[in-house]
Amino acid sequence: MSDAETLTRGPRAYLAFIGIGLLAGLLSGLFGVGGGTVIVPLLVLLLHFNQRLGAGTSLAAIVPTAAVGVVSYAIHGSVAWIPALILAAGSVVGAQIGTRLLPKISQTTLRWFFVGFLAIVIVTLFLVIPPREAAFDLQLLNGLALVGVGVVTGILAGLIGVGGGVIVVPVLMLAFGTSDLVAKGTSLLMMIPTAISGTIGNLRNRNVDLVAAGFVGVSACTTTALGAWLATLLDPFTGNILFAVYLAFIAVQMAMKAIRGRKKP
């Protein structure tokens, strides 16, 4: 057995799985994201997972995590059910498109584009603060727009592995005028069918470590509700500031990947 396999199955690794899950669950509940931006790099750095296996394992762990988050937000009436399903349908289609486009598009260019998108979102989060009582009023035009957002989200997920919540939460707040809580609850619901669809494909390709996904997912479930509860305690402006810090962390990660990609021959 190799060192990587020993580490992946030793007591230290199981503690790492639990720790990763606890952190990912807290961030998932607090920001309405899947937590993959935490799970994947930590699996790669601490447990020697390759990028593809880490992404597949993270996606599987997101399913129970997002489910707990949805229940937590639904208790406060902060889930737009139909818009979430529309987003999910678009995202599933978009992910297939993104996967097919992957060999044809420069990863470095895409990453810099996404860093630019996050920079604009971060600035806007300080300028646009939707009120807490703002709900999502579903109509024909914004319903069609939701399909487009879902497809674009899925394409980016397929191309650069970006979780949907990082895109959907700020778009719902800034473009659709939805409250931060509704945006987060809706984002988490959108992730469930998307993650299930992706996990089925990853299982077929043996890109999921089910043991690791189980430990991370169950651990995450214990802190997701805490994160969602903390989100309700924060005023919208403070919530936006914290979300901006989280997005800045992701932007730095993506920029470093773009720089490394450009240096490769």
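The structure here is a predicted model, in which local features need pLDDT of at least 70, side-chain atom pairs count only at pLDDT 80 or more, and totals for chains, interfaces and linings use all residues. Residues are numbered from 1 along each chain as its sequence is written, and side-chain values use heavy atoms, with hydrogens and water left out.

Take the pair H6 and H8 to begin with. Helix H6 covers residues 107–125 and helix H8 residues 164–174; helices are DSSP runs (H or I, at least four residues), numbered from the N terminus. Their axes come within 11 Å and cross at roughly 40°, the axes being lines fitted to C-alpha atoms over the stretch in contact, with angles running from 0 to 180 degrees between N-to-C directions. H6 and H8 are therefore oblique to each other. On the H6 side, the contact (heavy atoms within 4.5 Å) is made by Phe-114, Phe-117, Leu-118, Val-121, Thr-124 and Leu-125. H8 brings in Val-166, Ile-167, Pro-170, Val-171, Met-173 and Leu-174. By type, the residues of this contact split into 11 nonpolar, one polar and no charged (Ala, Val, Leu, Ile, Met, Phe, Trp, Tyr, Cys and Pro count as nonpolar, Asp, Glu, Lys and Arg as charged, and the others, Gly among them, as polar).

Thr-153 lies in helix H7 (residues 140–160) and, at 1% relative accessibility, counts as buried (under 20% relative accessible area, with exposed meaning over 50% and partly exposed in between, for a 1.4 Å probe and protein chains only).

Most residues other than glycine have a negative phi. His-48, though not a glycine, has a positive phi of about 60°; His-48 is found in the loop between helix H3 (36–47) and helix H4 (51–75). Arg-206 also has a positive phi, near 60°, and belongs to the loop between helix H9 (180–204) and helix H10 (210–233). At 75% relative accessibility, Arg-206 counts as exposed.

Technical notes. Helices (H or I, at least four residues) and strands (E, at least two) are DSSP runs, numbered from the N terminus. Angles under 35 degrees count as roughly parallel, over 145 as roughly antiparallel, 65 to 115 as roughly perpendicular and the rest as oblique.
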